[in-house]
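The sequence and model are shown first.

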Amino acid sequence: MSTTNSLTVDDLGSAAQRERRKRILDATYDLARDGGFDAVQMRAVADSAEVALGTLYRYFPSKIHLLVSALAREFERSEATFREVTIPGDTAAERVIYVMKRTTRGLQGDPKLTEALTRAFMFADASVAAEIHTVGMLLTSMLTRAMHPDDTHEPTDRDVAIARVIGDVWLSALVAWVTGRSTAAETGAHLETAVGLLLRD
């Protein structure tokens with residue numbers, strides 16, 4: 001494994017290592033909720049998580065790796081939640097819009113945290129490709145599941161392509177909201193338009 005990648009849960013062999021990773025991400029969330037992107041400093045994260053700074057860098061090579069991994073955990077939680085409920089809506093478009101709006105409202109309810117996570121995603125370069133890929137795969141999985149809630153349905157290549165485009169629009173809409181270029185209502189309307197165009201019945 002490249003040393004430029006973050007250590008994922010699957011990379012960690014012991015419960016203690018997984019717990020250490022969780023503490024690091026929890027500390028990151030707390031700092032971001034209080035002060036946004038600028039408050040997430042590696043030394044502050046290490047101190048809050050009670051790990052050595054060198055240990056933190058072994059788990060997450062940079063602040064951007066750390067925050068994009070935190071964004072991935074947000075989407076992991078959302079995906080797990082939607083796996084346990086029946087997503088309302090008679091059409092694929094209605095179900096996808098429901099999932100996107102509910103997740104977006106959750107993110108917008110914690111603006112400093114969302115600002116930190118979204119800015120990290122915007123600033124990510126090629127060294128964070130693995131973490132960005134994880135975020136994209138989680139989004140794709142969440143959206144294709146909303147499109148076809150029947151567990152026996154295997155997403156087609158077209159389903160995946162549509163989900164990826166919707167995911168790109170979603171992240172772009174979050175960036176616009178974080179940077180003050182759109183309101184929460186405008187963000188929701190933009191998402192509805194995109195989904196309506198891509199998932200016409």
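The sections below treat the basis of the model, its helices, a pocket and individual residues.

## Basis of the model

The model is predicted; local features require pLDDT of at least 70, side-chain atom pairs count only at pLDDT 80 or more, and totals for chains, interfaces and linings use all residues. Residues are numbered from 1 along each chain as its sequence is written, and side-chain values use heavy atoms, with hydrogens and water left out.

Helices are DSSP runs (H or I, at least four residues), as are strands (E, at least two), numbered from the N terminus.

## Helix 1 and the annotated region

Helix 1 comprises 21 residues, 15–35, and its end C-alpha atoms are 30 Å apart. After helix 1 comes G36, with a positive phi near 75 degrees.

An unreviewed UniProt entry annotates residues 41–60 as "DNA-binding region"; UniProt positions are given in the numbering used here, feature names are shortened, and annotations may be inferred rather than shown by experiment. This span is 75% helix and 0% strand, and its end C-alpha atoms lie 12 Å apart.

The loop between helix 2 and helix 3 contains E50. Although E50 is not a glycine, its phi is positive, at about 60 degrees. Most residues other than glycine have a negative phi. E50 is exposed, with a relative accessible area of 68%.

## The second largest pocket

The second largest pocket has a volume of about 200 Å³. A pocket is an open set of points on a 1 Å grid over the protein atoms alone where a 1.4 Å probe fits, with protein on both sides within 12 Å along at least five of seven lines; lining residues have an atom within 4 Å of a point. Grid points are joined across faces, edges and corners, and the volume is the space filled by probe spheres set on them.

Of the 14 lining residues, E74, S78, R102, T103 and G106 are the closest to the pocket centre. Helix 4, helix 5 (92–108) and helix 6 each supply at least two lining residues, and helix 4 gives the most, with six.

E74 belongs to helix 4 and counts as buried at 17% relative accessibility. Beyond its neighbours within four places in sequence, E74 is in contact (heavy atoms within 4.5 Å) with Y29, L107 and L117.

## Helices 7 and 8

Helix 7 (residues 129–147) has 19 residues and reaches 27 Å from its first C-alpha to its last, close to the 27 Å expected at 1.5 Å a residue. Its buried residues include E131, V135, L138, L143 and M147. The buried residues of helix 7 pack against helix 4, helix 5, helix 6 and helix 8.

I166 lies in helix 8 (residues 157–178) and is buried, with a relative accessible area of 1%. Leaving aside neighbours within four places in sequence, I166 contacts V96, M100, L143, V195, L198 and L199. The C-alpha atoms of I166 and H148 are separated by 15 Å, with the two residues 18 apart along the chain.

Key: Expected span 1.5 Å × (residues − 1). Buried < 20%, exposed > 50% of the residue type's maximum accessible area, 1.4 Å probe, protein only.
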